[in-house]
Amino acid sequence: MTVRMTIDGVSREAREGESVVDLITRLGGSIPHVCYHPQLGPVQTCDTCMVEVDGQLARACALHAAEGMVVQTASQRASAAQVEAFDRILSNHLLYCTVCDNNNGNCTVHNTTRLLAIEHQRIPFAGKPYAVDDTNPFYRYDPDQCVLCGRCVEACQNVEVNETLSINWEDPHPRVLWDGGSTIQESSCVSCGHCVTVCPCNALMEKSMLGHAGFFTSLKKSTLTGMIDIVKGIEPETGYGTILKVSEAEHAMREHRIRRTKTVCTYCGVGCSFDMWTKDRHILKVVPEHGPANGISTCVKGKFGWDFVNSADRLTTPLIREGATFRPASWDEALSLVARRLSSIKAASGADAIGFISSSKCTNEESYLMQKLARAVIGTNNVDNCSRYCQAPATMGLFRTVGYGGDSGSITDIEQADLVLIIGSNTAESHPVIATRVKSSHKLDGQKLIVCDLREHEMAHRADLFLHPNPGTDLFWLNAVARYLLDHDLADRAFLDRWVNGLDEYRRSLESFTMEEAARVTGLPVDTLERVARDIAAAKRMCVLWAMGVTQHRQGSDTSTAISNLLLVTGNYMRPGTGAYPLRGHNNVQGASDHGSMPNNLPGYQSVDDPDVRARFEAAWRVKLPTAKGLDNHQMVDAIHDGRLKALYLIGEEMSIVDSNANYVSAAFEKLDFFVVQDVFFSSTCQFADVVLPAAPSLEKDGTFTSTERRIQRLYQVFEPREGSRPDWRIVQDVANHLGADWRYQHPSQVMDEIAALTPLFAGVSYARLEGYQSLQWPVAADGTGQPLLYTKQFAFPDGKARLFPLSWVGPTDRPDAEFDLHLNNGRLLEHFHEGNLTYRTAGLQQKTPDTWVEVSPQLAEERGLQSGTWVRLISRYGQVRVRALVSDRVQGHELYMPMNSTESVVNRLTSSHTDLATDTPAYKETSVRMDVLPEIGESPLPRINFRFGHPTPQTGVEVERKWKRADYRIPGTQFLRILKQ
Ligand code: SF4
Ligand code: SF4
Ligand code: SF4
Ligand code: FES
């Protein structure tokens, strides 16, 4: 709805409720504002946006447009207030822009000085009695430059919701505090960088900027101080106008040396996008602002975890095995060898003796080319990707019930939900930016949160209700809750009648799922389960988030199906704020499957069984395609052991340690006749290769990724590929052409054009439509219309109706017994991605979290007489690892947890080859071990400087009211008004 109002005498149309700062900015005007940031809302600490409304001063950032409102931004009174407020800002900040790394044209303090035409300060600068805090490896805080705007506090408290930052408003010299007064390094700070991103000046800065961005900023500190003194000395004579001109000339010079390139994060599936600022090959900083999934948000990996790109141990030449070692080879020699060996194996044993594994770190275009290589050039459907290790069961659950194998809505839907149910997902560590949205809605908007997990991780700790069932029993309680809702007339009958098939059969399948039986199987009390059912029934909009705690079980697909069934029973599809959200692990695990790296599907989930589909691809590719479903990753390993699969071409997958039962997988690789591994580093898997091909990481190529919310986004090349390496799409094309194909792709956009032409799901996808920060959520119609929320008109089945899918209880495969008496769970950490091949190459991450550990409950620690740092040996039926214990109340009783961040103490030496019954996803989470306590006691595996030892200081935000209560605070404007009148 729009309203009419008057600004500075001109009638304007505004959106009702829009802040006056936003309105003026949208109309192309300008108004001073320092603390206001559109993604933080009105913080109201700086007072520089004062305007006059009906004779009263008001802060424009907190003033909402209303019909008939009359605003004066430049009246004598408003101007005086703005100038006085900004004078107070400058009393907290030295203007030394020419020698400041933040002099890049976007410094709010600099630009406001220019906007207000400030020539001289009335209130002199006064430093604060605190030292610079540069203890954190990634950023530093300079209290003397801090204008106390509180943006950082607001971002930390209410956007990131880590609740580390505050300002001690009552202190004679307020400053920003970490955990109420700790050093940054010893605080609860997770180094997500939100605070640094929103700081309007140089008080908080990325260390990678310091001394690198400016032409004079790398000077010695004494020289810099001298230059600052000179500037201060000439200011009374020249005024700031002249000084700013000098600094703006220096800024103009920087425009030629600093590149700003949009890219998409290479780590998890949230899909954060940002500008990467670079100078030559040095990464100055990561600036998130316009990303449709993340806005100003990142986690530590996306903000600071990029050192691997310039790591000295990047692969820079192809390697060919010679006996037990490798020798460098030219690209031509390596590619010729690959083609020769694959051709001879195909000739001798058939195309199906060769397998292909694509990477979920690679782009959509690369995944497409990999499956095209397998199918069109070699002639096999033996192609898969690592969604087999995590996401395939969730996709199966959705295919069975609603039709599309992707999140049913967007992150904004999760934010809007009245109830979020998280099952088997350590969201705050595995999908950190999605977790911020849940934490924020829970903290500020009354969203209810139920978490079901084995560990009391951060989300569990924050939840209104934390459920800790027996391992592997989620299916049972989900079905029991669904039955309870149906039995007690709490289901959404109208929705079921109109939109859902199969209710009768489904009800019959629930026969044995009583609350009492659920309590016996899961260990959750009946009244707790009934409360869950009633909370779900009471919620108008519910989203369910789940991850590998659900999928990596023998019944991973069934449990995912049970979740979707429950959403159908309660009518929680087809509306904003509802739906199913299996959180995708890798940055492009969604896209890798979407684009056909699957043994049963061509791109866009078009079945290899379908003759019409095959005919379309055959016509385009001018080949005959194989018809039989191929082998998945898991089956390929078995086939190698059986002698059926003789060659494997694997891209960017650390399969020898991330696949379950790693010893068995490694033994398979030993048996291969020929093994090609393509990677950025010489990974553990490379040790088994015959040829290693050096690839380029995401920052060195163009392409697209598809995030968990089905969002397709472009990444632009930040750097040239490191000398000797090549982007994966080029390498796959090179291999294809050495095998006799005639591919002529010059750029990934041409690959995307081909995908769009052959794949109805992506019919309207093009690079032009994805320019810059534009994105599309599939399915994308030919006219370019995407679908942020699925199923708004119907479900993706021929009759438009969803399907309730009956399930029965099988139970977990590997349960503790007398010999293997402990349950071992495993998963990710916030600061390392998977085994850490990329993140361990960032020194700050290595320092904060140098190693893995096994979490042991206080009860078990006491029983076995161990402490944090005690070495233990874990032994399963499949292998053993030596690892240090960490005593933690995140785990209970005889349950253990081991993060995956190690290439030495590899948790998958313990996991089995049991799999999900429907998809072959390994049952990683069903592992029993025994624990031998070793005599050695080392340091705790988690250093004291890790954020997990911090003590957050939750508060509602920056709490500006406390500033307003200070004896020395008054609304600005009166003092200078008097001066102006004289
Ligand atoms: S957690 Fe740390 S880096 Fe993130 S916003 Fe808070 S203080 Fe800043
Ligand atoms: S450190 Fe925080 S309070 Fe200080 S200027 Fe930066 S954002 Fe504002
Ligand atoms: S790892 Fe995930 S949450 Fe973190 S910045 Fe990257 S995409 Fe965002
Ligand atoms: S911008 Fe309005 S009070 Fe700071």
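**Sheets, helix contacts and ligand shells in a predicted model**

Strand E1 (residues 2-7) and strand E5 (residues 70-72) run parallel and are joined by 2 bridges. This pairing belongs to a structure that is a predicted model, and the description that follows should be read with that in mind. Within E5, Val70 is the residue that stands opposite Thr6. The two strands are part of an open sheet of 5 strands, arranged in the order E2-E1-E5-E3-E4 with mixed pairing. Its edges are formed by strand E2 (10-15) and strand E4 (56-59), each of which pairs on one side only. On average, and ignoring direction, neighbouring strands of this sheet are turned by 40° against each other. Helix H2 (residues 76-90) packs on the sheet, where it touches strand E3 (50-53), E4 and E5. The direction of H2 makes about 160° with that of E3.

A second open sheet has 7 strands, in the order E14-E13-E27-E26-E25-E15-E16, and its pairing is likewise described as mixed. Strand E14 (325-328) and strand E16 (383-384) stand at the edges with a single partner strand each, so one side of each is left without a neighbour in the sheet. Inside this arrangement, strand E25 (residues 647-651) pairs with strand E26 (residues 674-679) in the parallel sense, over 5 bridges. One of the residues involved is Ala647, whose bridge partner in E26 is Phe674. Helix H9 (residues 364-378) packs on this sheet and touches strand E15 (354-357), E16 and E25. Between the direction of H9 and that of E15 the angle is about 160°.

With strand E33 (residues 854-856), E35 runs parallel, and 3 bridges join the two; here Glu855 stands opposite Leu886. With strand E34 (residues 870-875), E35 pairs in the antiparallel sense over 5 bridges, and Trp871 stands opposite Arg884. The link from E34 to E35 is a hairpin through 4 residues.

Attention now turns to the helices. Two packed helices are described by the angle between their axes and the distance between the axes. For helix H15 (residues 474-487) and helix H18 (residues 515-522), the axes come within 9 Å and cross at roughly 165°. H15 and H18 are therefore roughly antiparallel to each other, and their crossing is left-handed. The contact is built from Phe476, Trp477, Ala480, Val481 and Tyr484 on the H15 side, and from Met515, Glu517, Ala518, Val521 and Thr522 on the H18 side. By class, these residues are 8 nonpolar, 1 polar and 1 charged.

H15 also meets helix H19 (residues 526-538), with axes that come within 9 Å and cross at roughly 60°. H15 and H19 are therefore oblique to each other, and H15 passes H19 in a right-handed crossing. From H15, the contact draws on Trp477, Val481, Tyr484 and Leu485. H19 contributes Leu529, Glu530, Val532, Ala533, Arg534, Ile536 and Ala537. The residues of this contact divide into 9 nonpolar, no polar and 2 charged.

His641 is found in helix H24 (residues 633-642). Leaving aside residues up to four places away in sequence, His641 touches Tyr664, Ala667, Ala668 and Lys671. From Asn470, His641 is 171 residues apart in sequence and 35 Å apart in space, C-alpha to C-alpha.

The ligand shells complete the picture. Ligand 1 is surrounded by Tyr139, Cys156, Asn162, Leu165, Trp178, Cys189, Val190, Ser191, Cys192, Gly193, His194 and Cys195. This shell has 8 nonpolar, 4 polar and no charged residues. Around ligand 2 there are 14 residues, of which Cys146, Cys149, Gly150, Cys152 and Cys199 come nearest. The shell of ligand 2 divides by class into 12 nonpolar, 1 polar and 1 charged residues. Ligand 3 has around it Cys265, Tyr267, Cys268, Val270, Gly271, Cys272, Cys299, Lys301, Gly302, Pro432 and Val433. At least two residues of the ligand 3 shell come from each of helix H7 (300-304) and helix H13 (432-444). In this shell, 8 residues are nonpolar, 2 polar and 1 charged.

Technical notes: Residues are numbered from 1 along each chain as its sequence is written. Chains are lettered from A and ligands numbered from 1 in the order in which they are written. This is a predicted model: local features need pLDDT of at least 70, side-chain atom pairs count only at pLDDT 80 or more; totals for chains, interfaces and linings use all residues. Side-chain values use heavy atoms; hydrogens and water are left out. A residue is near a molecule or strand if one of its heavy atoms lies within 4 Å of it. Ala, Val, Leu, Ile, Met, Phe, Trp, Tyr, Cys and Pro count as nonpolar, Asp, Glu, Lys and Arg as charged, and the others, Gly among them, as polar. Axes are lines fitted to C-alpha atoms, for helices over the stretch in contact, and angles run from 0 to 180 degrees between N-to-C directions. Angles under 35 degrees count as roughly parallel, over 145 as roughly antiparallel, 65 to 115 as roughly perpendicular and the rest as oblique. A crossing is left-handed if the near helix is turned anticlockwise from the far one by less than a right angle, and right-handed if clockwise. Contact means heavy atoms within 4.5 Å. Two strands pair if DSSP finds at least two bridges between them.
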